[in-house]
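Good morning, and thank you for coming. Please take a moment to look at the structure on the screen before we discuss it.

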Amino acid sequence: MHWADVAAQSLSHKGKKHVVSTGITPSGEFHIGHLREILTGDMISRAAQNAGLDVDFVFIIDSADPLRKVYDFLGPEYEQFVGNQLGAIPAPKKDGSPDWGRFENENWTYANHFLEPFLTALSEIGVNPRLIDNLESYRSGCFAELSKIACDRADEIRECIERISSRELPDDWFPWSPLNSKKGLDKVKVTGYEYPLVHWKDEYGETGSSDITKGEGKLPWRIDWPAKWGWIGVTCEAFGKDHGAAGGSYSTGREIAQLLGHEPPQPLVYEWISLKGQGAMSSSTGNTIGPIEALELVPPEILRLLIAKSKPNKAIEFDTGMGLVTLADEYERLAARDFENELASEELSRRQRVQVEDAAGAMRMTSTVSGQEALATAVTFRHLALLAQTKKNDEDVWSSLNSSGAVESVTPQLQDRLNRMRHWIGSEHFPEEMRINILEQPSVQMLQRFDADEKKILANMTAALEACEWDAASIGASIPQAARDLDLSPRSAFKVAYASLMGTEKGPRLAPILAEMEKLEIIALLHACIRCIPD
RNA sequence: GGGCCUGUAGCUCAGUCAGGUAGAGCGUCGGACUUUUAAUCCGAUGGUCGCGGGUUCGAACCCCGUCAGGCCCGCCA
């Protein structure tokens, strides 16, 4: 069974109505690591729906969290906002300075700024959660009741956190962080509590009172989280391994939830996504690939497959080079399979059956529209990469696919894929290995290996190409003919051609590539090859 | 110091919860096809299940220990 179906099955034992929750702090640019959070939730929801459950899938935007520090992409003006809530400060402009204009006129906040492109990407990926703005929720009183319980039972909560996380809380710790005189959450001492007011004194010597029912502050993270479960009614949540460790925030959260009067949700801990060869993704080091950037390279189904095919507890290495080709081609292969038919076979061993089921389950999760079949385009990424590089305009790509019988008509899906492919080829991520490279100088190393027959073929081929019309068909005919004239296999002619023109053992279809090149340059290269072959 | 996760074929991983003949995909190799060769089809190859003990008729799976990598116990998806 696919991991999402396993989670759904376990939920089904607990009831029919469920709220699957996800949450992210919009502190900087979103990256594909965040995509795992939201897609894991999305896939559990989808599986639960398939299992006949009534599911509400929510995405909590942690806009009540404070700005931790002035990140590299922020200007020095942000110093004044450190400790202030992300949903209550202006967004950075391109140069890193605060955009006061939009903040004052449209209430365009820091949180909005980073959230918006992510939401655009999500809708393209087919994820449509109900959005809950955390700061808004505090302000409108959603947390009021649970905040009261937390403050009333401050000692029990303190005991719980100290015991489970084995860390000592300061004497003046209180389960409510009030906003100070500058609307910041840092370095505020709680001096008293009389519901609904929490009295405080800040680092500037100012004093005041924070109404816990009106969002004049927030619950600290370890309480904020279980409180959310409570008022939203969360029954299932996937979260990163950082929260999942023993003594981590889920450990304390599940007990605090009970203190607050409700059951904790069913947890699912997932591993992180790293960028191949560069370690974990991190907004602050700039070591990121955004969901938008990823979508420029591959279609949403393939991004979904990346998450769907790995069990949550497996770390994923995202590779924007060859790994992407492999992933995309894997998608095509899977999409072309007939799982039902395979499963109908009696000969499958138990293990084989499980593997087929998992693959089928993963594919169910890849469609951007729940319930829709995954579509195979019948064109592999490899092949498309080749065509995109050799054919300058799209029409030529389609006619090539048409004549080879691979594709009957151009679907929007195919056009879309070609657009992304062209983008990828133009980007730094496109693997050199896939790039078509016609040599400028002969590869002496390759040519030295030629035997007598191959030398003859080279001479023959050079003459044939020199004489032929410079179009794909004629070139394609001339190359194997150069070997046939000598009673040698066409295969050897291509071997000679690849060695001479590309310096490789084998390669992509040569004729269309050569047709796109200047005839004179190719002929010159071949002559140069002949000259540098030792006798 | 305490805890969590991971370790299975060259690579990516299933299989561990409910012990019963080591499984996929990719790669590699071979063959077929030949106006193609990063294509397609067919076939083959491949593992002391990190290591050492224990329990058992039987262990990749359960128990104990150990090694290696990653992570958590401030903040982070």
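This is a predicted model: local features need pLDDT of at least 70, side-chain atom pairs count only at pLDDT 80 or more; totals for chains, interfaces and linings use all residues.

Which residue in strand 7 is the bridge partner of Val 198? The partner is Ser 210.

Let me now turn to the overall division of the chain. Chain A is divided into domain 1 (3-143 + 220-273), domain 2 (176-218), domain 3 (299-432) and domain 4 (444-532). Taken over C-alpha atoms, the centres of domain 2 and domain 3 are separated by 54 Å.

The largest nonpolar core has 88 residues, of which Leu 35, Leu 67, Tyr 110, Phe 318 and Met 421 touch the most other members. Domain 1 and domain 3 each contribute at least three residues to this core. Apart from it lies another core, of 33 residues, including Phe 450, Leu 458, Ala 483 and Met 502.

Finally, I would draw your attention to helix 22 (residues 490-501). Its 12 residues, at 1.5 Å a residue, should span 16 Å, and this agrees with its end C-alpha atoms, which are 16 Å apart. Among the buried residues of helix 22 are Val 496, Tyr 498 and Leu 501. The elements covering the buried residues of this helix include helix 20 (452-467), helix 21 (472-484) and helix 24 (519-532). Just after helix 22, Gly 503 takes a positive phi of about 70°.

Conventions
Residues are numbered from 1 along each chain as its sequence is written. Chains are lettered from A and ligands numbered from 1 in the order in which they are written. Side-chain values use heavy atoms; hydrogens and water are left out. Two strands pair if DSSP finds at least two bridges between them. Helices (H or I, at least four residues) and strands (E, at least two) are DSSP runs, numbered from the N terminus. Domain bounds come from an automatic or database domain assignment. The expected span of a helix is 1.5 Å times one less than its number of residues. Buried means under 20% relative accessible area, exposed over 50%, partly exposed in between (1.4 Å probe, protein chains only). Contact means heavy atoms within 4.5 Å. A nonpolar core is a set of buried Ala, Val, Leu, Ile, Met, Phe, Trp, Tyr and Cys residues joined through side-chain atoms within 4.5 Å.
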